There are 4 protein chains.
Amino acid sequence: MTVRIGVIGVGMIGQEHIRRVTHALSGGRIVALSDVDRGRAEKVATSVPDVRVHAAGEDLIRSKDVDAVLITSSGQTHEQYVLASIAAGKPVFCEKPLATTEDACSHIVDAEVAAGRRLVQVGFMRRYDGAYRALKEAVAAGRVGAPLLVHCAHRNPKVPDGYVTEMAIHDTAIHEIDVIRWLLDEEIIATRVLRPRRNSRASAHLLDPLVVMLETESAVLVDIEVSVNIGYGYDVRCEVSGETGTVALGETSSVTLRVGGASSGRIPTGWQERFGRAYDIEIQEWIDGLAQGRLSGPNAWDGYAAAAVSDRAVRALKTGERATVSLREKPELYEVR
Amino acid sequence: MTVRIGVIGVGMIGQEHIRRVTHALSGGRIVALSDVDRGRAEKVATSVPDVRVHAAGEDLIRSKDVDAVLITSSGQTHEQYVLASIAAGKPVFCEKPLATTEDACSHIVDAEVAAGRRLVQVGFMRRYDGAYRALKEAVAAGRVGAPLLVHCAHRNPKVPDGYVTEMAIHDTAIHEIDVIRWLLDEEIIATRVLRPRRNSRASAHLLDPLVVMLETESAVLVDIEVSVNIGYGYDVRCEVSGETGTVALGETSSVTLRVGGASSGRIPTGWQERFGRAYDIEIQEWIDGLAQGRLSGPNAWDGYAAAAVSDRAVRALKTGERATVSLREKPELYEVR
Amino acid sequence: MTVRIGVIGVGMIGQEHIRRVTHALSGGRIVALSDVDRGRAEKVATSVPDVRVHAAGEDLIRSKDVDAVLITSSGQTHEQYVLASIAAGKPVFCEKPLATTEDACSHIVDAEVAAGRRLVQVGFMRRYDGAYRALKEAVAAGRVGAPLLVHCAHRNPKVPDGYVTEMAIHDTAIHEIDVIRWLLDEEIIATRVLRPRRNSRASAHLLDPLVVMLETESAVLVDIEVSVNIGYGYDVRCEVSGETGTVALGETSSVTLRVGGASSGRIPTGWQERFGRAYDIEIQEWIDGLAQGRLSGPNAWDGYAAAAVSDRAVRALKTGERATVSLREKPELYEVR
Amino acid sequence: MTVRIGVIGVGMIGQEHIRRVTHALSGGRIVALSDVDRGRAEKVATSVPDVRVHAAGEDLIRSKDVDAVLITSSGQTHEQYVLASIAAGKPVFCEKPLATTEDACSHIVDAEVAAGRRLVQVGFMRRYDGAYRALKEAVAAGRVGAPLLVHCAHRNPKVPDGYVTEMAIHDTAIHEIDVIRWLLDEEIIATRVLRPRRNSRASAHLLDPLVVMLETESAVLVDIEVSVNIGYGYDVRCEVSGETGTVALGETSSVTLRVGGASSGRIPTGWQERFGRAYDIEIQEWIDGLAQGRLSGPNAWDGYAAAAVSDRAVRALKTGERATVSLREKPELYEVR
């Protein structure tokens, strides 16, 4: 059974997912497109066989040819399309963020709870990365004892001038916020944001780097270096320090070069190189799950909790103080079954 | 356009490819099966939608529902099915070896030349491995100057008792023989096989390890440790030593563990773990190529040349002497265009 | 010219230095010993040729056979012996800490300033470690641009029950406090101490691990994981994250083992293994400097500044708040010449 | 008790050892010098306290102020000075080679056997390198099972034009020849030398690289890449492949740099950087042994056996064939006691 997918938003990431489903993965087919820029949707449609362009995302969602919705439009539109998908009773994959505020995410949770079944998956692709999965497996197997600390770094070579300081949290550290919840299987209850010496290569308006600190329910302390103009590469590091040892993402250069007085390995240049394969697996597992009638990926609650933490972190950045995170009560729908 | 594939031989590797095409890749569909054990074919067919079982491989090849043939039957049957595919004018992917002898491979080359177009691809999956591709790219870019030496190791944790010494060359070192030709883009002209101290853990009849040495047209010297009972893991190493540096397959453990006085990374346990992804890419690129009417993978000449070298290496193992390799003239069909 | 050295305090570290000077280094000779436990001094003396035992440290210091003093007695006695050495106009090497409080260290600074010349060296041996020196060299050479962040870990396999929480700062993190000042060549102006989840393997009275955070004059932010019951080894990590890259202490296992599914390197079991060679170089350079009439190692100001920071860190641990460090004005004697 | 040492030959390596004994090590003193170029000896003497210059090496050897002799003159003079030292009944440390031919080495063995006690140590410094010692320890402890193969590389950035092909064996591979005998604790019984593609950067008269192969008594097979114009650094690699695993010299860059798209570690630029510390330990252990009346380092037999193998390897290079090594019977004097 082929899953018929409608895509809302056909910018870079949307086109990537269309290519993925059409040319690299199995079991799914892109049957409908929609974009705020209709011309762009028409253009993208020319390279996808048998696809229909809808004027509005809501039309696409309601179309009876569409089994499942994939939202890759801009963040501010996520809430409306996710709610419409829930209303239509259709499974929906929404790229992160689930919505741009904690409140908006909470509305989605309400809607899904009201619908009485899980329909929403959020695009936190790191959970599908082989190295992160091996990290989680090692922690879960008790290889390092109970986790006590996690040291993370999220380094980007460069960001455009339009990137503002809040994005270091909402768009960049959000990945660590989700991955920590998933890795440790518990909620984050407090956060602090520290401001180190500024990188003189960053835009004048930008605080870069930042150190985002998180505390979990069991008091695990997490430090995250967020550096977005470090030049040398796209480098994501994570080390869990436990009671009896540590486990960290490995160095994974596929080749080692010995030239010019140095032994060296390659560092990825961007997230596409580092996480491209994780996106493949993420979407393939979503399609496979749909075909089998189950959802297993990050859900609306995960999207809500990440938004709650990142909202508080933005506030903490402004105050310089520790901020506690208060989550709403977790609906039963999201308990693991 | 979906490529309709018929599979001959549905043992372990055949089933793997069926699963791959059906559940992990894009653009292909398994429409026909055949196996010397008809019952097995029937059984496998139950889990593949809309598939037809043929009594004989030749029937499957001739079936007009079949666009392309995938041969995963036992090695001795390869020649007949590849020749039949050529006769039917159908693209055929044949798992290595192309055929069990240099002569049989040469017949296939003759048939393909007579047909006047390339139809055959051989399953040398290492050419699709990301690390080997990065190695080739570094060499081709002149990162280490002209290559002078290559050091390889092909280590298996264990082989069954039925594994005999010749298989260390025909089935194991054959991968290095192909990869060296591809990596250096030249033919192998001589070989030697040396017998180190025996591993006492190997079957009594088995010479293990061996060191297979190869010389290329430009005098690059290659040493290959073939160890098939080394216990610790499935470990494939390759370092090219050039005029100004070296480049080697990297250490690629996805996580690093620091416990019990050691910092450690994981080594794969088998070829499935190490090369599973390469198989995916190999078959996907084959299907993509078929859809676009082109073949780009290892061809019949590559299968022939690898067989010629491995035949000579088996002889060299027996005599203990250096053996020269004499290839037939290379038909124009196989010149890169 | 042989430097004649008197040693005050002949416990483990004192005996180590005696052995070092007598059997491994050049240019120095142990001529006098003193210990609060006279019997222990007599016993140690039996294995040192031509050595004299003094009843009191002050006698040893005043002895005209003694050119230079090496203090390895317990921390509380450091102040009196260092002051006595200064009063006697003799060069003195004092194991860390210079003294147990910021005030005591300040008295030493006063005395040395009054004496008008530098006599005091403090035993911060990491400055003599080849890896830390290479780290400093890379930073100083601008290999990573201006430093913005430093991530440290100081991990001990285990501490005795007598080890109390303050010692995690005064005795353990003190090494990072000094090394950061030296590495970045600036003072620390503030500190915070965070308390992660406790290691259940630690003594009931102990907060372990801690995260000590430091801020420097130029706003470099430093995080230090101090884990003293982590079991797996003695592991000291340090990574400087700069404007254009990072540089870190390397992995330095002398051999790599590939067994049992893992590729692994050894982690030291204790500070003796990790820093034994640094101690050799530290004492050799001290002796060489004495012979040439110069002191180049960490001085009384360094001892004072480290004590000032660690005193504040202990307070910060108690309050949970950020604490600023106020150093006295730096006497001209300690400006680099 | 200070060991009084006389040095014959005060070129670069001689001066290095003089500096070492005088300024870095303990227990020895340079009391006498001699050099074929008397002026050079006089000049070096000006920087060594209380040292006497002898016109002839033999005078120095006979001088009653000299307890032990250190020979760092040119290779052709080694035999005469070692024999003179034996005749004088004095311990002698001779830089490698013990003598330039197998026969000359054999005369030294005869002389020492006639003298009835061990006096000679040969300067194979790798046995004192921490990494090689850890390698031997791992092998001896059975960490990888019985050794079956050893893969070595001895890479130099560059050699002067005066370096001829035979030196790749006599001066370069000689270190691997000795280290293999020591590491595996058995003799080498055959050798082969293979000639890969030439490095175009080498002098026109030079065959570079070479692959030297060795077989031991228990049939362990050793391959040694000798590359002496590889440019990128001084790089010594060694991996022992055993029945259940492998152990190799580690990557030991003291720092790891992450800049410009790569994670990199430093490779030494020359043998001084790589083995400087091993020389220190070698000479210190020699002096310590002399003070205690024992010799534990590589002895005359080791010098003889290495010469016998390298002589045969030079012949094998010329013939292109496997050459067997026939050692004389090993005198009882050299059995381990």
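Student: How many bridges join strand S5 of chain A to S6(A)?

Tutor: The model under discussion is predicted. In it, strand S5 (residues 92–95) of chain A and S6(A) run parallel. One of their pairings sets Phe93(A) against Gln121(A) in S6(A). The number of bridges that join S5(A) to S6(A) is four.

Student: Are Gln121(A) and Gly123(A) of strand S6 buried or exposed?

Tutor: In a regular strand, side chains alternate between the two faces of the sheet. In strand S6 (residues 120–123) of chain A, Val120(A) and Val122(A) lie on one side, and Gln121(A) and Gly123(A) on the other. Both faces are covered, and Gln121(A) and Gly123(A), like the two valines, are buried.

Student: By what turn can chain B be laid on chain A?

Tutor: The superposition has an RMSD of 0.0 Å and a shift of 0.0 Å along the axis. The two copies are thus related as by a two-fold rotation axis. The turn is 180°.

Student: Which residue of S12(D) is the bridge partner of Val259(C)?

Tutor: The contact between chains C and D takes 28 residues from each of them. Strand S13 (255–259) is among the elements of chain C that each supply at least two residues to that side. S13(C) pairs with strand S12 (residues 245–249) of chain D in the antiparallel sense, over five bridges. The partner of Val259(C) there is Gly245(D).

Conventions: Residues numbered from 1 in each chain as written. Chains lettered and ligands numbered in written order. Predicted model: local features only at pLDDT ≥ 70, side-chain atom pairs only at ≥ 80, totals over all residues. Least-squares fit on C-alpha atoms with pLDDT ≥ 70 in both. Buried ≥ 20, exposed ≤ 12 C-beta atoms within 10 Å, placed from the backbone. Pairing = 2+ DSSP bridges. Contact = placed C-beta atoms within 7 Å.
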